[in-house]
Amino acid sequence: MSLAALPKVELHLHLEGAAPADFVRGLAREKSVDLSGIFAPDGSYSYTDFWHFLHVYETATSVLKTPEDYARLTRAVLEESAAAGVIYSETFLSPDFCGGRDVGAWREYLTAIREAAEEAEARDGITLRGIVTCIRHFGPEKARETALCAAETAGDWLTGFGIAGDERAGEPGDFAWAFDCAREAGLRLTAHAGEWRGPESVAAALDALKVERIGHGVRAIEDPALVDRLAEDGVVLEVCPGSNVALGVYPDWRAHPIDRLRGAGCKVTVSTDDPPFFHTTMVREYDRLADAFGWDEDDFAAIARTSADAAFCDDTTRSRILERLAP
Ligand SMILES: [Zn+2]
């Protein structure tokens with residue numbers, strides 16, 4: 001079986017960040033919005049560094065205005081994921097972008113996204129679950145409102161809560177209230193850390209927010225004691241190597257620590273983060289990892305099982321996914 005055909009599980013995907021550039025351009029045309037500044041001559045997204053990327057990301061996202069826009073986005077994204085062999089995916093959603101943190105409006109967006117996901121499941125056999133993220137650089141007050149939206153809509157589809165955005169803004173502890181609120185509502189927890197800040201940011205997310213998964217977390221490699229802690233506690237790392245290389249966290253694939261983290265006993269998974277922004281897909285991630293580290297089908301099958309075990313879905317759904325991963 002080729003790597004392209006292997007069934008895959010993806011845990012770290014931002015819905016707006018997965019918006020194909022053609023889709024965003026088409027929507028901008030329909031709405032007569034000029035977004036030409038965010039595209040390169042070849043039509044792909046264009047940015048200079050991580051902070052400019054955040055700006056381009058938020059500009060692209062600004063054309064997504066209605067629940068129907070998000071339903072169309074969900075269909076476009078899941079079509080791409082299913083084509084890469086993804087059978088189960090978790091996507092980050094932000095009430096900040098969907099209804100401005102108003103619970104009633106957020107419910108309408110969520111219903112539209114969920115219905116589109118169910119259509120894709122019936123058509124392409126791909127299952128989607130949602131994780132609400134607050135946006136770190138929007139500050140703790142907005143994160144509280146975001147957590148309340150998440151808590152109100154927690155259930156069998158909206159299953160997790162997390163934090164994304166500029167890692168340099170504030171400290172994890174500033175967001176503890178939001179995470180406590182989400183935990184009390186039964187949501188499972190993840191946090192972006194250890195991408196732009198060092199290992200101490202990973203430890204701080206674990207200590208202050210009591211998350212079970214870390215988004216990225218790769219810079220934990222700089223602290224051997226922390227690597228031991230992650231391995232012993234079974235903390236799952238949502239690693240997005242293509243994203244890290246595209247944004248310059250590491251100069252190239254060989255320099256990426258995913259293989260060393262895995263070798264040290266950490267639970268690593270593989271995701272694309274914001275695939276069209278980083279010119280990647282799950283197939284491309286697999287191909288590059290195979291080239292860089294000699295990983296073979298057995299390695300990728302093991303990673304997919306680790307991902308399914310770490311998924312924030314109910315156990316019936318998990319069993320169904322694991323069955324489809326069985327050789
Ligand atoms: Zn991310």
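Author: Two rings of Phe, Tyr or Trp count as a pair if their centres lie within 6.5 Å. The model is a predicted one. By that rule the structure holds 18 aromatic pairs.

Reader: Why is the pair of Phe 53 and Tyr 57 called edge-to-face?

Author: The ring centres of Phe 53 and Tyr 57 are 5.9 Å apart, and a pair needs centres within 6.5 Å. The planes stand at 65 degrees, and the label edge-to-face applies over 60. The pair is therefore edge-to-face.

Reader: Where do Phe 53 and Tyr 57 lie?

Author: Both are in helix H2 (residues 50-61), four residues apart, which is about one turn of the helix.

Reader: How do you know whether Phe 53 is buried or exposed? And what about Tyr 57, buried or exposed?

Author: Buried means under 20% relative accessible area. Phe 53 has 3%, so Phe 53 is buried. Tyr 57 has 8%, so Tyr 57 is buried too.

Reader: Which residues do ring pairs link into a cluster?

Author: The cluster includes Phe 53 and Tyr 57, and among its other members are Phe 39, Tyr 45, Trp 51, Phe 97, Trp 196 and Phe 278.

Reader: What makes Arg 25 lie over the face of Phe 39?

Author: CZ of Arg must be within 6 Å of the ring centre and within 35 degrees of the ring normal. Arg 25 lies over the face of Phe 39 at 4.5 Å from the ring centre. The charged end of Lys 8 likewise sits over a ring, that of Tyr 286, at 5.2 Å from its centre.

Reader: How many cavities of 30 Å³ or more are there, and what lines the largest cavity?

Author: The count is one cavity of 30 Å³ or more. The largest cavity has about 220 Å³ of space. It is lined by 21 residues, and those closest to its centre are His 14, Leu 54, Tyr 57, Ala 164 and Gly 165. H2 gives the largest share of the lining, five residues. By class, nine of the lining residues are nonpolar, seven polar and five charged.

Reader: Why is Gly 198 called buried?

Author: Gly 198 has a relative accessible area of 6%, and the cut-off is under 20%, so Gly 198 is buried. Gly 198 is in the loop between strand S5 (188-193) and helix H7 (199-209). Leaving aside neighbours within four places in sequence, Gly 198 is in contact with Arg 219 and Glu 222.

Note on methods. Residues numbered from 1 in each chain as written. Predicted model: local features only at pLDDT ≥ 70, side-chain atom pairs only at ≥ 80, totals over all residues. Heavy atoms only, no water. Phe/Tyr/Trp six-rings, centres within 6.5 Å; stacked < 30°, edge-to-face > 60°. Helix = DSSP H or I, 4+ residues; strand = E, 2+ residues; numbered from the N terminus. Buried < 20%, exposed > 50% of the residue type's maximum accessible area, 1.4 Å probe, protein only. 1 Å grid on protein atoms, 1.4 Å probe; cavity = no way out; pocket = protein on both sides within 12 Å on 5 of 7 lines; lining within 4 Å. Points joined across faces, edges and corners; volume = space filled by probe spheres on them. Nonpolar A, V, L, I, M, F, W, Y, C, P; charged D, E, K, R; others polar. Contact = heavy atoms within 4.5 Å.
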